[in-house]
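Here is a walk through one protein chain, residue by residue and then as a whole. Keep the structure open as you read.

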Amino acid sequence: MSLTRKILYGMGLGIIVGLIFNLALPGMFETVNSFVLVPLGKIFVNLIKMLVVPIVIVSLILGTAGISNPKKLGRIGGKTISFFLITTAIALVLAIGMALLIQPGSGSFQLDGASFEAAEAPPVIETLLNIIPANPLGAMVEGSMLQVIAFSIIIGFGIARVGEKASGLIKLVEQTNEVLMYLVQAIMKFAPYGAFGLIATAIGSQGLEAIAAMGKYMFVVLFVLLLHLVFTYGSAVSLLGKLNPIKFIKEFSPAMIVAFSTSSSAATLPISMKTLQNNLKVSKSVSGFVQPLGATINMDGTAIMQGVATIFIAQVYGAELGLGQLLTVILTATLASIGTAGVPGVGLIMLSMVLTSVGLPVEAIALVLGVDRLLDMCRTAVNITGDAACAVYVARSEGETFEEVEIDENVTA
């Protein structure tokens, strides 16, 4: 049995177990969750996260060094950032449009006692200025991914300019990359058990009453995520990447499954890079540059949640948002997707920024918190697919061709 199928079985079993505890054995859930389900999920996620910073550093150094021409590096960087900003804006337009059409906030909602402690987001300019790390080792320890990315790109650029003199260092980095990819392959053997624990916890901890009450909101978010995945990314892959979208989704789906179970773009990064390089033959230089950057700043799935949640909250409170306010939502959320990329709990922080920008109460975020964990799994899968679609587009625009290859499911999960 392939590893992909095992992960799907683990997720399916997790859904069944979660529903059993939620419906029939709610009193036992906390004990089983604390001693069985949470440890399974946490061990798997921590094993993957353990490799994220080393893989980002190694991949970006190799990717940047492989793009030795400074003009080419700037060109690829420009294409990548432009793709992310444009698709994020499209995601927000789709989210707002569908929310206005379906009106998930119509009806009666309990607002008494709703509260949310919004973490303070740093100004965008401060975040941009702090991209250059004063202490690279400190950035690695703290997991400040924008700083780690900047440091890695600078080192890669320096290696490219030095040329042959740095051949020994390049060989060392390449050998390190091989070791890390082997470890990813080994860790993925634990993925079915991790997926089981993560999904069972997510399903078991969500009360069915809360899910039912928020059903319309969840439907709109999920529908727009699917719409964005099929039409926006499908069109980008087909028209810009000259690749069959069905083939793209089929061969990248193993990484999407892992993203769904972990709810973390960063934790999925090692698998998503390996899947794209092995199954779709995108070069390591493009994949190693675009995907780590995307895992940090590309948040189309989160942008969709923000767009729908903003309209949902406005409808619940009976507030009418004019065209100017809707444009403010699109602009604020698009810029915030890059400006707050390194902040923990970024999705909720971004949402609080958007709500504040149009005068809606931040404490209303409490209304969507109950089902956010389930939606987070779906939007993470969309986020990493956007990173991969961008890498396909950039690779094709730089003259790469994608060979027909068989999927090695034991390697890509």
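Start with isoleucine 102, which lies in helix α3. Helices here are DSSP runs of H or I with at least four residues, strands are runs of E with at least two, and both are numbered from the N terminus. This is a predicted model, in which local features need pLDDT of at least 70, side-chain atom pairs count only at pLDDT 80 or more, and totals for chains, interfaces and linings use all residues. Residues are numbered from 1 along each chain as its sequence is written, and side-chain values use heavy atoms, with hydrogens and water left out.

Isoleucine 102 is partly exposed, at 23% relative accessible area. The scale runs as follows: buried is under 20% relative accessible area, exposed is over 50%, and partly exposed is in between, with a 1.4 Å probe and protein chains only. Which residues does isoleucine 102 contact, leaving aside its neighbours within four places in sequence? They are Lys216, Phe219 and Val220. A contact means heavy atoms within 4.5 Å. Lysine 216 is 114 residues away from isoleucine 102 in sequence, yet the C-alpha to C-alpha distance is 8.4 Å.

Move to helix α10, which holds threonine 232. Threonine 232 is buried, at 12% relative accessibility. Its side chain makes a polar contact of 3.0 Å with the side chain of histidine 228. A polar contact is a pair of N or O atoms within 3.5 Å; within protein, one must be able to donate a hydrogen and the other to accept it, and residues adjacent in sequence count only if both atoms are side-chain atoms. Beyond four places in sequence, threonine 232 touches Thr87, Ile90, Leu94 and Leu227.

Now look at helix α17, where asparagine 383 sits. Asparagine 383 is buried, with a relative accessible area of 4%. Its side chain reaches the backbone nitrogen of aspartate 300 at 3.2 Å. Not counting residues up to four places away in sequence, asparagine 383 touches Ser265, Asn298, Met299, Asp300, Gly301 and Thr302.

Turn next to the aromatic rings. A pair of rings is described by the distance of the centres and the angle of the planes. Rings of Phe, Tyr and Trp (its six-membered ring) pair if their centres lie within 6.5 Å; planes under 30 degrees apart count as stacked, over 60 as edge-to-face and the rest as tilted. By this rule there are six aromatic pairs. One of them joins phenylalanine 83 and tyrosine 393, stacked at 5.8 Å centre to centre with 20° between the planes. Phenylalanine 83 belongs to helix α3 (residues 70–102) and tyrosine 393 to helix α17 (residues 366–397), so this pair ties together parts that are 310 residues apart in sequence. Phenylalanine 83 is buried at 7% relative accessibility, and tyrosine 393 is buried at 18%.

The rings of phenylalanine 248 and phenylalanine 252 also pair: their centres are 5.9 Å apart and their planes at 5°, so they are stacked. These two are four residues apart in helix α11 (residues 245–262), about one helical turn. Phenylalanine 248 is buried at 2%, and phenylalanine 252 at 0%. Elsewhere, Phe83, Phe84 and Tyr393 form one aromatic cluster.

What about cysteines? Cysteine 378 is partly exposed at 22%, whereas cysteine 390 is buried at 0%. The whole structure has zero disulfides, a disulfide being a pair of cysteine sulfur atoms within 2.5 Å.

Next comes the nonpolar interior. In soluble globular proteins, nonpolar side chains tend to be buried together. A nonpolar core here is a set of buried Ala, Val, Leu, Ile, Met, Phe, Trp, Tyr and Cys residues joined through side-chain atoms within 4.5 Å. The largest has 120 residues, and Ile7, Met188 and Tyr217 have the most contacts inside it. Helix α17 gives the largest share of this core, 17 residues. A second, separate core has six residues, including Phe21, Phe29, Leu37 and Phe196.

Finally, step back to the whole chain. It has 18 helices and zero strands. Of its 413 residues, 54% are buried. Among contacts between residues at least 6 apart in sequence, 85% join residues at least 24 apart.

How far can the prediction be trusted? The predictor's confidence in each residue is pLDDT, from 0 to 100. The chain mean is 81, and 85% of its residues reach 70 or more.
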